[in-house]
Amino acid sequence: MKKSVTLFIILAFPIMLFAQILEGDEERDVRDLTTPERVFVGGFVGLQFGTFTAVNLSLHGGYRITNRLSAGLGGMYQYSNDRWFGQSISSHVYGGSVFARFRVFFRAFIHAEHEWLSVQSRPYLDQENPSDPSSGDFSGDRPRSTEKNMLLGPGYAFRVSPRITLNIMALYNFNQESKVYFDNPFFRAGVDVSLQ
């Protein structure tokens, strides 16, 4: 998955940079914008297939407070199916977040996010002997727990059109015991669309 994201960034970067140069970076002052023009919505979809299959859908909405600062709320749902050791274990993760972005210069920004997730336990990780998945009971409901993640990292916004922006971020999760994020830091790419 990490190789796919890296390849995407390498291929997409020159195209987006060229579009940015052609478009220019003229941006209106937020004080001149109406409320709908300050509001943006967006999100991202993540897909991974193989022994570990995951489908991730994240949506968010935000508001441009100043020329440099924006903030908003988000929601996330992830379905995963793990087929290790001849067993098939499905789980559902969902939750919400609050975030803020501060533009440092040009289109580079810092993204900070506090995320609360409801995580379904994985049986073979919750047993006294995690190396033996046959010791777990894979049937029935599994307990859920709350996971709190604090994400922080740099990002860059590529303007695709006057209303659409592609954001690429490298985020670090300060929760070292996360059961959702296995790579640290990890990459996230998403889209923001202005309402007007």
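These are my notebook entries on what I looked up in this structure, which is a predicted model.

**Entry 1: the overall fold**

I began with the strands and found a closed barrel of eight of them, running β1-β2-β3-β4-β5-β6-β7-β8 with antiparallel pairing. I then looked up how the neighbouring strands of this sheet lie to each other, and they are turned by 25° on average, with direction ignored.

**Entry 2**

Which residue in β6 is the bridge partner of Leu117? I noted Glu147 as that partner.

**Entry 3: the nonpolar surface patch**

Turning to the surface, I found a nonpolar patch whose members include Tyr63, Ile65, Leu69, Phe102, Met150 and Phe174, and the whole patch has about 1,000 Å² of accessible area together. I checked which strands supply it, and β4 (89–105) and β6 each give at least two residues, while the largest share, three residues, comes from β4. I looked up one member by itself: Ile65 sits in the loop between β2 (52–64) and β3 (69–82).

**Entry 4: the salt bridges**

How many salt bridges does the count come to? I recorded three, and I went through them in turn.

In the pair Asp29 and Arg31, the closest N and O atoms are 2.8 Å apart. Arg31 counts as exposed, at 69% relative accessibility.

Arg101 and Asp192 form another salt bridge, with their closest N and O atoms 2.6 Å apart. Arg101 belongs to strand β4 and Asp192 to strand β8 (residues 186–194), so this pair ties together parts that lie 91 residues apart in sequence. Are these two residues buried or exposed? Arg101 counts as buried at 8% relative accessibility, and Asp192 counts as buried at 9%.

Glu113 and Arg188 also form a salt bridge, and here the closest N and O atoms are 2.8 Å apart. Since Glu113 lies in strand β5 and Arg188 in strand β8, the pair ties together parts that are 75 residues apart in sequence. I checked the burial of both partners as well: Glu113 is buried, with a relative accessible area of 6%, and Arg188 is buried, with a relative accessible area of 10%.

Conventions: Residues are numbered from 1 along each chain as its sequence is written. This is a predicted model: local features need pLDDT of at least 70, side-chain atom pairs count only at pLDDT 80 or more; totals for chains, interfaces and linings use all residues. Side-chain values use heavy atoms; hydrogens and water are left out. Two strands pair if DSSP finds at least two bridges between them. Helices (H or I, at least four residues) and strands (E, at least two) are DSSP runs, numbered from the N terminus. Axes are lines fitted to C-alpha atoms, for helices over the stretch in contact, and angles run from 0 to 180 degrees between N-to-C directions. Patches are made of residues with over 30% relative accessible area and no salt bridge: like charges are joined within 9 Å, nonpolar side chains (Val, Leu, Ile, Met, Phe, Trp, Tyr) within 5 Å. Accessible areas come from the Shrake-Rupley method with a 1.4 Å probe; for residues, only the protein chains shown count as cover. A salt bridge is a side-chain nitrogen of Lys or Arg within 4 Å of a carboxyl oxygen of Asp or Glu. Buried means under 20% relative accessible area, exposed over 50%, partly exposed in between (1.4 Å probe, protein chains only).
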